[in-house]
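Student: Could you take a close look at one part of this model for me? I'd like to hear about the side-chain pairings, and then whatever surrounds them.

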Amino acid sequence: MTASRTAAALALAAGAMAVAMAGSARAEEVGEVTTAFKILGANHKIVVEAFDDPEVEGVACFISRARTGGIKGSLGLAEDTSDAAVSCQQTGPVTFRDTLDDGEEVYSARASILFKHIQVVRFYDKARNTLVYLTYSDKLVDGSPKNSISAVAIHDMAPTTPATAPAR
């Protein structure tokens, strides 16, 4: 492959990642554990990341997902497995910054050099006053049925004072 073709392929990949990340929350890594030792390159890992819902103030989510190691993983060329789990909690008073769309993407992470992403989407169950977060992987041609959900029942976050604290 010539240098110009390599540069064009990298530019295409960067553009695809930028489009996929638009409108999604940025995650910060909380921790990781090694699942398999690799002599060459990074180890296979499970990574835990945290992000705040970009359209709902007062909700934080945590996602755990596989990250492939080895030489391909170290170079960003490996395809991660579709294994992921999500857990979301109410962290304060809930405020909707805008009208919520069912199935709106709130987080996306690349799981291969091209075309595969792990995503978290949000639904609002008005009858139960609950936000439901679903994580799954998609691919240009073939996604995965592996998924995980987390439900956040929205509660009034009135602070508990010592006078109203339960007796021990």
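Predicted model: local features only at pLDDT ≥ 70, side-chain atom pairs only at ≥ 80, totals over all residues.

Tutor: Let's start with Glu32, which is partly exposed, its relative accessible area being 39%. Its partner is Lys45: the two form a salt bridge, with the closest N and O atoms 3.0 Å apart. Glu32 sits in strand β1 (residues 28–36) and Lys45 in strand β2 (residues 44–52), so this pair ties together parts that are 13 residues apart in sequence.

Strand β2 turns up again in another pair. Arg65 makes a salt bridge with Glu49, and here the closest N and O atoms are 3.1 Å apart. Arg65 belongs to strand β3 and Glu49 to strand β2, so to speak two distant parts of the chain, 16 residues apart, get linked. Are these two buried or exposed? Both Arg65 and Glu49 are buried, whereas Glu32 was partly exposed.

Next comes a pair between loops. The side chains of Lys146 and Asp83 meet in a salt bridge at 3.0 Å, N to O. Lys146 lies in the loop between β7 and β8 (147–153), and Asp83 in the loop between α2 (70–75) and β4, so the pair ties together parts that are 63 residues apart in sequence. Lys146 counts as partly exposed at 45% relative accessibility, and Asp83 is partly exposed too, with a relative accessible area of 38%. Then there's a network: Asp53, Glu104 and Arg122 are joined by salt bridges that share partners. The structure holds seven salt bridges.

Now for the aromatic rings, where the count comes to two pairs. In one of them, the ring centres of Phe51 and Tyr107 are 4.8 Å apart and the planes are at 10°, so the pair is stacked. Phe51 is in strand β2 and Tyr107 in strand β5, which links distant parts of the chain, 56 residues apart. Phe51 and Tyr107 are both buried. The other pair is Phe96 with Tyr124: centres 5.4 Å apart, planes at 80°, so this one is edge-to-face. Phe96 comes from strand β4 and Tyr124 from strand β6, 28 residues apart, again linking distant parts of the chain. Phe96 is partly exposed, with a relative accessible area of 34%, and Tyr124 is partly exposed as well, at 25%.

Leaving out residues up to four places away in sequence, Phe51 touches Ala25, Arg26, Ala27, Ala60, Cys61, Ile63, Val106, Tyr107 and Val120. So where does Phe51 stand in the largest nonpolar core? That core has 19 residues, and Phe51 is among those that touch the most other members, together with Val59, Cys61, Cys88, Val120, Leu131 and Tyr133. The elements giving two or more residues to this core are β3 (56–67), β4 (84–96), β5, β6 and β7 (130–139). β3 provides the largest share, four residues.

Phe37, Ile39, Leu40, Ile71, Leu75, Leu77, Ile113, Leu114 and Phe115 make a nonpolar surface patch of about 970 Å². One of its members, Phe115, lies in the loop between β5 (104–110) and β6 (116–125). Phe115 is partly exposed, with a relative accessible area of 48%.

Definitions and conventions:
Residues numbered from 1 in each chain as written. Heavy atoms only, no water. Patch = residues over 30% accessible without salt bridge, like charges linked within 9 Å, V, L, I, M, F, W, Y side chains within 5 Å. Areas by Shrake-Rupley, 256 points an atom, 1.4 Å probe, with all protein chains shown as cover. Salt bridge = Lys/Arg side-chain N within 4 Å of Asp/Glu carboxyl O. Buried < 20%, exposed > 50% of the residue type's maximum accessible area, 1.4 Å probe, protein only. Core = buried A, V, L, I, M, F, W, Y, C linked by side-chain atoms within 4.5 Å. Contact = heavy atoms within 4.5 Å. Phe/Tyr/Trp six-rings, centres within 6.5 Å; stacked < 30°, edge-to-face > 60°.
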